[in-house]
Amino acid sequence: MSSKSIKKRDGRIVAFDQRKISTAILKAFDAAYQPNMAGIAERLAIKVSSILEVEGAELPEVEHVQDLVELVLMEEDYPAAAKAYILYRSERARARALGERLKKIYEGITWSSAKTSDWKRENANINGDTAMGNLLKYGSESAKAYFQAYVLKPEFAAAHAAGDIHIHDLDFYTFTTTCTQIDILKLFHGGFSGTLGHLREPNDISTYSALACIALQSNQNDQHGGQSIANFDYGMAEGVRKTFVKRYRENLARAIELNLSDADAEDAVKSLSAKIVRESGLTPSLEGDGAYLALERSALSARYGISEQQAAAFQSFAHRHAKSETERATYQAMESLLHNLNTMESRAGAQVPFSSLNYGMDTSPEGRMAVKNLLLATEAGLGGGETPIFPIQIFRVKDGVNFNPGEPNYDLFKLACRCSAKRLFPNFIFQDAPFNLPYYQPGHPETEIATMGCRTRVVTNVHDPDRAITYQRGNLSFTSINLPRLAIEAHGDLDAFYAGLDRMLDLCVAQLLERFEIQSHRLARNFPFLMGQGVWLDSDCLKPGDEVREVLKHGTLSIGFIGLAEALVALTGEHHGQSEESQTLGLAIISRMRARTDAETEKQTLNFSLLATPAEGLAGRFAKIDQERYGILPGITDRAYYTNSFHIPVYFPISAWNKIRLEAPYHALTNGGHISYVEVDGDPAQNPEAFEKLIRYMKKCGIGYGSINHAVDHDPACGYTGIIQDVCPGCGRAEADGRSFERVRRITGYLVGTLDRFNNAKRAEEADRVKHGLDDEH
Amino acid sequence: MNTEATLRIAGTVQDSIVDGPGLRFTVFVQGCSHSCPGCQNPQTHDPNGGSTVFLDALLSQLDGNPLTDGLSLSGGEPMEQAEGCVLLARAAHQRGLDVWCWTGYLFESLLLGTAAQQSLLQEIDVLVDGPFLLEQRSLALPWRGSRNQRIIDVKKSLKIQKTVIYQSL
């Protein structure tokens, strides 16, 4: 044996040991169920050694030695053992690759800061520099690597890695589902259980709002996507009602105590009022229930021997004070809700819940009071006047309810516009859009359209057509298709493009079904809040050990897409903002995708839907991979990002009306969720007419969900909020004179308080955004 | 309208929300003799700069946007191209739009100005007047750049023969 040493993969040089070879060969025989082969293994190892000797290399490498083992096993006619050995080698190679990849990732997490590391800023809501943020990233990256190597069907893993498709939230692949619309009323009734204890049904608006936050936080620990309350107005109304009753009785007792010198007035009023409630079912209310008041008046005059007139005076004192105290308590409750949702961390303490609140159509005085004060608190901002990043707020717009002068909640619509013009929220969802209206049944708030997170929409239900509702349901998982890639590969041949698209749709359907199968095997107890507290539809019928398969069928499986605009450029030379022909083609492409998800819904009896993908990390990821693959193609791969879903590119100058008109028809097609934005060139808080006009035009054109983007800057020194160029209009200081100005922008539907947390692609996108209507009108 | 009429402009902006209430179609005319130090648009001063466009072209831009609430004449100095501007403003009024105009001159002196300037005033709803004075600059003022500038309700002012400050701010 010429060589006494061997070179390992990591470059280390170790002493050559023939026994290691015989042991490996013996293991291969064992794996092939061939016992008693020690002698033969020994003989084959000697043969490997002697080949090495003949070759005479100074320092043979371990890979080469393993090649020789394979060769010898084949030559000596032990195919089963050879096969086992090859499998073992490839398994080891896979594990090594995983290990190396993880090592690289861990090094990155451990030693680089989010400032320099783009993937630490992959998600702008996570602070990648904190201990918990790092720990979360370790877990997330390991899970992704493991699932790709060992769980996903290889063709799905390969398509994901190559950038043909993107499997969202891959790190949670085997663990959970995306999001839920929480029915907060159902959750509150009878109380619910948190991690370590039971919470009684709340009795005051301050507790209602606090528990709403806890519900969002708890559910966020069970799911990876956005958490939403579908009925915030109806839910909080109960808290306002209870607070009013309490305050009314207190004030009535005060009036009596002072005027009639009854030190026990509080107890007296309480029992007197409770008796009326018991016997008549009537209660004191903000509106002032005449029948209740009459009963109470006669009870008071009977008890205290006073005239009904005097009793009425007490009542009106009590009502007046109770009303203003309730108003104040509601404002404080909403203020603390905003503070909680921007500070209460979830998910290993690395990020606040991705919370959303839907409201706008409850016309009760209590629901209106809750919404009014939420909007006022949002407009006022957080403690330092900052724009609240969470929750995403969604104002439901509906003819006959709040859209036109004279309608009961028109004042709230106006207030919502004013608030959004200053704070970017609420967004506006349109109940009257032709694809939302059919599901709506007046008097059934569960049929009001809602959205969660940045855009997810759930309403139809093939699993249970009688429950085509928004409450207690959500998305299970979604996967997006790289449309520009398909278009580039088609080389202008539309048939080739469609063939590629159909292939990708097949792949996505199969992959979503694979993931659904995995999710279905989870047990109710894996979701202590989502399933354990009956948040998800029908989950209250499950025992902790039951599989969640049947109830998950209320959820949706969504196929999304990125870069329709770039795909159209690749196919025709122009995107849909540039030519009507491209718009026609764009609609044909998206219609084809929708037809497929509809067909799959029928075939599988599962809710497949088409999603206009929000694309924070993905917009950059696809573009980067394609740039490496195809080089710089003008109008296609020449930017650091692909355009979101069906949007007209942000860099393209287009008037607002035209953007709205062109994007609206895609809303009708993307039943899994959508949003359109209009960028304006100034501070719309100074021009409320313009803001409202744009919202009204969105509704007119059939937009499902929309919002206005504008810059929101804040000077922490003087508290000014608005647009700040170089100098703060509030106090006249320059940025260099003190603490940096905060610049809030919207990124895939979420607000981000500092541009530092934008990833590279989104920074590039933000810089390119054209306020609609600048010169060179097309 | 005279289809040959032209205007020398620096550019146009659709959907502006900073040149008056609602969504505005803003025309920045080219050429301004005031030369205010610190002017936001110094590139619009040269009377030979920018480009000459037919009013028809501007009007088709205006007509192409169903959301426009009003025409805003900015610049540059609209009063130094009053002949063209008055035609544009009149056309805007015929379309039911309102007209805002920014000028470096004072309203009172424009009342005694050229015939064209006087007839342009007749077609203006709101005039923001006066030169930009750097020492009176404020970023917090709506629709104007320095504190000396006034927002004048021209219709009312002409009616009662007295300068009336525009109210609905």
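Hi everyone. One more thing before we start: the model on the screen is predicted.

Let's begin in chain A with helix H4, which covers residues 79-111. Ile109(A) sits in that helix. Is Ile109(A) buried or exposed? Buried is the answer, because 20 C-beta neighbours lie inside 10 Å of this residue, and 20 or more is what the label asks for. Who touches Ile109(A), once we set aside neighbours within four places in sequence? Those contacts are Asn134(A), Lys137(A) and Tyr138(A).

Now, two helix pairs in chain A. Here is the first. Helix H15 (residues 483-490) of chain A packs with helix H16 (residues 494-520) of chain A at about 140 degrees, and their axes are 8 Å apart. H15(A) and H16(A) are therefore oblique to each other, and the crossing is right-handed. On the H15(A) side we find Leu486(A), Ala487(A), Glu489(A) and Ala490(A), meeting residues of H16(A) that include Phe497(A), Gly500(A) and Met504(A). Seven residues of this contact are nonpolar, one is polar and one is charged.

Here is the second pair. Helix H21 (residues 656-669) of chain A and helix H22 (residues 688-701) of chain A cross at roughly 30 degrees, with axes coming within 9 Å. So H21(A) and H22(A) are roughly parallel to each other, again with a right-handed crossing. H21(A) brings residues such as Trp657(A), Ile660(A) and Arg661(A), among them, to meet Leu694(A), Tyr697(A), Met698(A) and Cys701(A) of H22(A). By class, that contact has eight nonpolar residues, no polar ones and one charged.

Let's move over to chain B. Which order do the strands of its seven-stranded open sheet follow? Reading across, we get E3-E1-E2-E4-E5-E6-E7, with mixed pairing. Strand E3 (51-54) and strand E7 (150-153) of chain B are the edges, each pairing on one side only. On average, neighbouring strands are turned by 30 degrees against each other, direction ignored.

Zooming in, strand E1 (residues 6-16) and strand E2 (residues 24-29) of chain B run antiparallel, joined by five bridges. Gly11(B), for example, has Phe28(B) in E2(B) as its bridge partner. Helix H2 (residues 82-94) of chain B packs on the sheet, touching E1, E2, E4 and E5, and its direction makes about 165 degrees with that of E4(B).

Key:
Residues are numbered from 1 along each chain as its sequence is written. Chains are lettered from A and ligands numbered from 1 in the order in which they are written. This is a predicted model: local features need pLDDT of at least 70, side-chain atom pairs count only at pLDDT 80 or more; totals for chains, interfaces and linings use all residues. Helices (H or I, at least four residues) and strands (E, at least two) are DSSP runs, numbered from the N terminus. A residue is buried if 20 or more other C-beta atoms lie within 10 Å of its own, exposed if 12 or fewer, and partly exposed in between; C-beta atoms are placed from the backbone. Two residues are in contact if their C-beta atoms, placed from the backbone, lie within 7 Å. Two strands pair if DSSP finds at least two bridges between them. Axes are lines fitted to C-alpha atoms, for helices over the stretch in contact, and angles run from 0 to 180 degrees between N-to-C directions. Angles under 35 degrees count as roughly parallel, over 145 as roughly antiparallel, 65 to 115 as roughly perpendicular and the rest as oblique. A crossing is left-handed if the near helix is turned anticlockwise from the far one by less than a right angle, and right-handed if clockwise. Ala, Val, Leu, Ile, Met, Phe, Trp, Tyr, Cys and Pro count as nonpolar, Asp, Glu, Lys and Arg as charged, and the others, Gly among them, as polar.
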